Amino acid sequence: MNRTRSNELYEQALQHIVGGVNSPSRSFKAVGGGAPVFMQKANGAYFWDVDGNRYIDYLAAYGPIILGHAHPHVTEAITRAAANGTLYGTPTELEIDFARMLKEAIPSLDKVRFVNSGTEAVMSTIRVARAYTGRAKIIKFAGCYHGHSDLVLVAAGSGPSTLGIPDSAGIPLSLASEVITVPFNDLAALEEALAVWGGETAAVMVEPIVGNFGMVMPKPGFLEGLCRLARAHGALVIYDEVITAFRFHYGSAQTYAGLPLETPGGWDAVQPDLTALGKIIGGGLPIGAYGGRREIMEQVAPLGPAYQAGTMAGNPASIAAGIACLQALREPGTYARLESLAAALADGLSAAARRHGIALTVNRIGGAFSTHFCDHPVTNYDEAQDTDGERFAQFFRLMLEQGVCLAPSKYEAWFLTTAHTEDDTAATLAAAERAFAEMAK
Ligand code: PLP
């Protein structure tokens, strides 16, 4: 595949844009380096790069593009919004309509506030939780990503009861020390951390279904236990549903029928106090939102003392795109179709890997899945790390050469969109068969 123009543009980009990319996840550093592919246009399930090569897209922009690229209903909504002015700095009726739609789909939201990204949404939930509880500490889970803010870019200390260390230069130790990181799916570790820090903990924050070290389900009883333990210590529960909301069904993970519950309390026992949203709810434009219980959300200015604001927040184009996206997702059969496409692809990949003697664990949840080059299950971050990154890099490149675009990281998911067809998944499986044959040599 000729990518001369991409290579040239990368050289130029390196001179003007730090690292040549506007988000580190777009670089090919984790898959052996070199120029990332510069895309020129996208439509439906496909990308075309600047050299004219076509790719089947499973990156879906790291999640938001669940309807495929340039979906006509979303494009029309954005065009209409743009024609009426893109930013007012005043409230609009559409914001109410959209808040109502989110509340109907996610019952734990009494009140919401729109922001501009998932990072902002998470930051805001933390501020509100701290304001409401008067406490500072946050407990999070290893490998769960909650955006790039100082507040949560924190790695585990050396044990469940130790304080966090910054995961990035530029974050003061004092801030990181307000965060405690414990392993996902490990209630005993959470209990231990709460036994030490429970009285100071404002919130336990979790991706209720993990999307950031592959797709990982909570074990039966994990979310219920998390909610019970947090509440026993007077801490709030924050679900980061930036990836998961509207991904698996029309709603969020907190009411997803595929969730393994072992709880007499049913759904009530796993409801969070606050939820952070983003990605899909913007229909491909920048957005975030957060919401939750009325008395907690009423801490936020102008009602309460927790300040949070945004010039671009609730801008008409993002709101219109989000409404249009959710309207399209409400079409009957949408999620069943995403799931059946993903199942065919995930099962086909497992079978092809087996045929070639390649160890591969595939974690599929609804219309998304992750591929881990290992011979053990992946249920937490340690297990996700203990996989063969070089094998993934080789697979990634062999697929790219055949026109299949995956995220350039062994931790990222494959996302199906409503634009993918059975022909696309069949072509992808044929490419994977050739890739595995090459890898087995
Ligand atoms: N939370 C989760 C679970 C995410 O996966 C991400 C981004 O990947 C974020 C928060 C941050 O969202 P954004 O990139 O829109 O700031």
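Which residues make up the covered face of strand β2, and which the uncovered one? In this predicted model, local features need a pLDDT of at least 70 and side-chain atom pairs count only at pLDDT 80 or more, while totals for chains, interfaces and linings use all residues. Residues are numbered from 1 along each chain as its sequence is written.

Strand β2 spans residues 46–49; strands (E, at least two residues) and helices (H or I, at least four) are DSSP runs, numbered from the N terminus. Phe47 and Asp49 form its covered face, and Tyr46 and Trp48 its uncovered one.

Strand β2 has partners to meet, where pairing calls for at least two DSSP bridges between two strands. With β1 (residues 39–43), β2 runs antiparallel, joined by four bridges, and Phe47 is the bridge partner of Ala42. Two residues lie between the strands of this hairpin, in which Gly44 takes a positive phi near 55 degrees. Three bridges link β2 to β3 (residues 54–57), again in the antiparallel sense, with Tyr46 opposite Ile56. The hairpin of β2 and β3 has four residues between its strands, and Gly52 in the turn shows a positive phi of about 90 degrees.

Turning to the ligand, 15 residues surround it, the closest being Ser117, Gly118, Thr119, Gly147 and Val242; a residue counts as near if its C-beta atom, placed from the backbone, lies within 6 Å. Helix α4 (residues 118–133) gives the most to this shell, with three residues.

Definitions and conventions. Buried ≥ 20, exposed ≤ 12 C-beta atoms within 10 Å, placed from the backbone.
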